[in-house]
Structures are given as structure tokens and as C-alpha cells.
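Work through each task yourself, then read the solution.

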Amino acid sequence: MRKKIVAGNWKMHKNATQTTELLNELIAQIPAETTAQVIVAPTFVNLSSAVENLKFSNIAVAAQNVHQAESGAFTGEISADMLTSIGVNTVILGHSERRAIFNESDALIANKVDTALKHEMTVIFCFGEELKDRQSKNHFNIVENQLKDGLFHIEAKDWSNVVLAYEPVWAIGTGETASPEQAQDMHEFIRETVRKAFGSDIAEDVTILYGGSVKPDNAKEIFSKPDVDGGLIGGAALNAKDFVAIVTAI
Ligand code: PGA
């Protein structure tokens with residue numbers, strides 16, 4: 001079933017002490033009546049302590065990446081088995097920073113998706129166009145290709161473990177947000193693209209998050225759009241007051 005989700009991507013921020021502090025603030029401040037699923041993605045080294053801290057809360061923990069191989073000589077990498085063995089069952093894949101800075105291709109992301117799904121992890125699959133694509137009116141094509149090349153090889157049964165996160169690159173960390181109408185137009189297109197490939201049931205059920213400079217003052221309007229099921233939050237997830245305001249906006 002389609003869920004409301006607010007996920008915080010902490011990127012390479014917060015040391016061990018700061019992680020515990022922020023989590024304790026979230027535990028104390030997120031209203032008990034919140035129906036949205038709340039997820040936080042601290043950095044790898046703090047995942048174990050986050051799982052421990054959040055044991056009695058409704059907040060789930062996600063990793064920001066996973067390696068595609070089961071194990072092996074891959075210095076510095078983390079496997080899906082390592083994540084699930086410490087209770088982390090969700091992973092963000094295909095984030096635009098991984099694509100741009102770490103050269104992750106659609107094909108590599110597709111491999112990572114397979115590995116994560118094989119381990120019964122939930123995948124938050126990120127994609128979105130760059131500014132030049134939107135300016136050249138190529139943004140729908142780009143988004144469709146990213147979905148097809150990175151994700152659409154999965155089987156129908158796997159969709160229950162997939163969350164989509166549309167994040168226009170020009171809106172990430174820039175303070176520039178897609179207007180609620182731009183977000184809705186793209187989310188509707190994404191749902192339609194899923195519908196054409198996998199049918200109405202899957203398209204209606206899949207959760208599609210918007211990401212890119214979501215803040216307390218724009219969250220409510222963006223989340224009010226019919227095809228926007230929540231948000232993937234970067235900068236504003238690093239501060240309890242802002243993140244809680246975004247969670248309550250949904
Ligand atoms: P931002 O980041 O909210 O800081 O724009 C979003 C993201 O990278 O997921």
C-alpha cells in the first residue's frame with residue numbers, strides 16, 4: 001500500500017555524539033500520532049548505534065549506499081549482509097551525489113538494486129534531471145531513462161520493497177525547490193511510467209518522494225500534491241526542529 005514517508009539523508013554529517021543527540025531530539029519531538037513512516041540515514045559508522053538508540057521508537061534507519069557484491073576484496077566497501085546483520089533494512093541508492101561524484105552509472109545502480117532486493121532490503125531509489133536537462137525540456141526523457149535503466153528490470157513482486165525519490169539535481173542543496181506544480185507534474189509522469197510498465201496496482205501503490213531543498217516553510221504545499229507521498233530531506237534533516245516540522249507537515 002502507498003505509504004507516506006519522510007526520510008532524512010544525513011550525508012557525511014554528524015559524528016557519533018552528534019548522531020545520538022539528534023536522534024534523542026527526534027525521539028522526544030516527533031509527535032506520537034505521526035502516521036508517516038520516518039526514516040533517518042546517518043553515515044555508516046553510526047548505523048549500529050542509531051539502530052540501538054531507535055529500538056523502542058517508530059523511526060527506521062537506512063544506509064546511504066551499499067556495494068553490489070556479496071563480499072570480497074573491495075577495500076572500504078560495505079555489503080548488504082553487513083547492513084541487515086545490524087538491523088538496517090533500508091538503503092538509499094542512486095543518489096545524484098553518488099551518480100555525479102562517485103561516477104555511479106545506471107547499470108551499476110541496477111546491480112546494487114538487485115543485491116539490496118535479494119537481501120530483502122527496501123530500496124529508496126533516487127533519480128532526477130540536471131538543470132540543463134530541464135532547460136532543454138529533456139527532463140521527462142531523462143527521468144524515464146533513469147527509471148528504465150536502473151530499476152525497471154526488477155520483478156513485479158519486488159515493488160513492495162521499492163520507494164521512489166524524485167530529486168531534481170538543480171534543487172539539491174541549492175535552496176532552489178521545484179514548485180509544487182513542477183513536482184506534481186513529474187510525479188504524475190513517474191506514476192504513469194510505472195503504470196505502463198507494471199500496471200495500475202503497482203503504480204498506485206508505489207510511494208514517490210520528492211527531494212530537493214524541502215524546508216519547513218515549503219513542505220506542506222509540496223506534500224499536498226496528490227502524487228507526492230513524502231520527502232527525502234537533506235539539509236533540513238540535520239536539525240531536529242526543521243525535520244520535525246517537515247514530519248508534521250505531512
Ligand atoms: P537537500 O538534499 O534537502 O539538502 O536539498 C536532498 C537530498 O540530497 O536528498
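**Exercise 1.** Find which residues line the largest cavity.

*Solution.* Step 1: the lining consists of Gly94, His95, Ser96, Arg99, Cys126, Phe127, Gly128, Glu167, Val169 and Ile172. Step 2: helix H4 (96-101) and strand S5 (122-127) are the elements that give two or more residues to this lining. Step 3: sort the lining residues, and you get four nonpolar, four polar and two charged. Step 4: the space in the largest cavity is about 40 Å³.

This is a predicted model, where local features need pLDDT of at least 70, side-chain atom pairs count only at pLDDT 80 or more, and totals for chains, interfaces and linings use all residues. Residues are numbered from 1 along each chain as its sequence is written, and side-chain values use heavy atoms, leaving out hydrogens and water.

**Exercise 2.** Decide whether glutamate 104 is buried or exposed, and find its polar partner.

*Solution.* Step 1: look in the loop between H4 and helix H5 (106-118), where glutamate 104 has its place. Step 2: its relative accessible area is 6%, so glutamate 104 is buried (under 20%; exposed is over 50%, partly exposed in between, with a 1.4 Å probe and protein chains only). Step 3: its side chain makes a polar contact with the side chain of arginine 98 at 3.0 Å (a pair of N or O atoms within 3.5 Å, one able to donate a hydrogen and the other to accept it).

Methods:
On a 1 Å grid over the protein atoms alone, a cavity is a set of points where a 1.4 Å probe fits but cannot get out, and a pocket is an open set with protein on both sides within 12 Å along at least five of seven lines; lining residues have an atom within 4 Å of a point. Grid points are joined across faces, edges and corners, and a volume is the space filled by probe spheres set on the points. Helices (H or I, at least four residues) and strands (E, at least two) are DSSP runs, numbered from the N terminus. Ala, Val, Leu, Ile, Met, Phe, Trp, Tyr, Cys and Pro count as nonpolar, Asp, Glu, Lys and Arg as charged, and the others, Gly among them, as polar.
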